[in-house]
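Here is a short report on one protein chain. Sequence and model come first, then the reading.

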Amino acid sequence: MTSVYFTFQTIRALGQTYAARIGPPDECTSALGHVAVGFSWLEQSLERHIATLAQAPSAIAPALTAELSYKMKVAVLSSLVRAQPSLRAFNVSSENPEEVWSDIVKMLSACEDFRNQLLHSHWQPLPGGDRIRRTKTTAKAARGVRVVTEDLTADYLLDVYDFILNVEWALNEFFHDA
């Protein structure tokens, strides 16, 4: 082959540190990474609650959830929550469990919207390092091509991260010691 390229193994063998490659971390890309990690924790909670409500043994549960999209995990868990609600107890105090669950599902959907909006975008750090530009291009039959560009701060991205963690907390509390 006449092309010159580096294999992953070649790059890995260089043993370079983060600082040697990138320099000091910047707040915006770090905050974006927190959003991705926080969302993965939320997905893990969905998987855990599906396994519990489905009464699936821990060795079997991953076979049920591993290939499900986030949206399908929410749908499966929602179906399990709504199945025979009189036989289930949820941590909702005196509130109606169906209404509380509907609120949680709306928040889970909002988390997915944030995830899709942020992680399916193109990013460009801006001078000064305190802002980052997000660009998202879509092509829809009804609207044609649409480009959305916005400058975001690490504070905003961490607000999204905190919201995702708050939703995970609400989800876990719904099932806690019910």
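## Cysteines and basis of the model

The count of disulfides is 0, where a disulfide is a pair of cysteine sulfur atoms within 2.5 Å. C28 is buried, with a relative accessible area of 1%. C111 is buried too, at 0% relative accessibility. Buried means under 20% relative accessible area, exposed means over 50%, and partly exposed lies in between (1.4 Å probe, protein chains only).

This is a predicted model: local features need pLDDT of at least 70, side-chain atom pairs count only at pLDDT 80 or more, and totals for chains, interfaces and linings use all residues. Residues are numbered from 1 along each chain as its sequence is written, and side-chain values use heavy atoms, with hydrogens and water left out.

## The nonpolar core

The largest nonpolar core holds 33 residues, of which L42, L77, F174 and F175 touch the most other members. Four helices each supply at least two residues of this core: helix 3 (27-53), helix 5 (70-82), helix 6 (97-119) and helix 7 (154-175). A nonpolar core here is a set of buried Ala, Val, Leu, Ile, Met, Phe, Trp, Tyr and Cys residues joined through side-chain atoms within 4.5 Å. Helices (H or I, at least four residues) and strands (E, at least two) are DSSP runs, numbered from the N terminus.

What does L77 touch, not counting residues up to four places away in sequence? The list is L46, H49, I50, L53, W101, L171 and F175. Contact means heavy atoms within 4.5 Å. In soluble globular proteins, nonpolar side chains tend to be buried together.

K73 is in helix 5. Is this lysine, K73, buried or exposed? K73 is buried, with a relative accessible area of 3%. Leaving out residues up to four places away in sequence, K73 touches E43, L46, E47, I50, T65 and L68.

One of these contacts is a salt bridge: E47 pairs with K73, the closest N and O atoms being 2.5 Å apart. E47 lies in helix 3 and K73 in helix 5, so the pair ties together parts that are 26 residues apart in sequence. E47 is partly exposed, at 24% relative accessible area. E43 joins in as well: E43, E47 and K73 are linked in a network of salt bridges. A salt bridge is a side-chain nitrogen of Lys or Arg within 4 Å of a carboxyl oxygen of Asp or Glu. By this rule there are 7 salt bridges.

## Two arginine pairs

R134 forms a salt bridge with E150, with the closest N and O atoms 2.9 Å apart. R134 lies in strand 2 (residues 131-140) and E150 in strand 3 (residues 144-153), so this pair ties together parts that are 16 residues apart in sequence. R134 is buried, at 3% relative accessible area. E150 is partly exposed, at 26%.

R115 is buried, with a relative accessible area of 17%. E112 is also buried, at 10%.

## A nonpolar surface patch

Which residues make a nonpolar surface patch of about 330 Å²? They are F6, I11 and L14. L14 is in the loop between helix 1 (8-13) and helix 2 (18-21). At 55% relative accessibility, L14 counts as exposed.

Patches are made of residues with over 30% relative accessible area and no salt bridge; like charges are joined within 9 Å, and nonpolar side chains (Val, Leu, Ile, Met, Phe, Trp, Tyr) within 5 Å. Accessible areas come from the Shrake-Rupley method with a 1.4 Å probe, and for residues only the protein chains shown count as cover.

## Positive phi in loops

Q55 is not a glycine, yet its phi is positive, near 55 degrees. Q55 sits in the loop between helix 3 and helix 4 (61-65). Q55 is exposed, at 68% relative accessibility.

S93 is another non-glycine residue with a positive phi, about 60 degrees. S93 lies in the loop between helix 5 and helix 6. S93 is exposed, with a relative accessible area of 73%.
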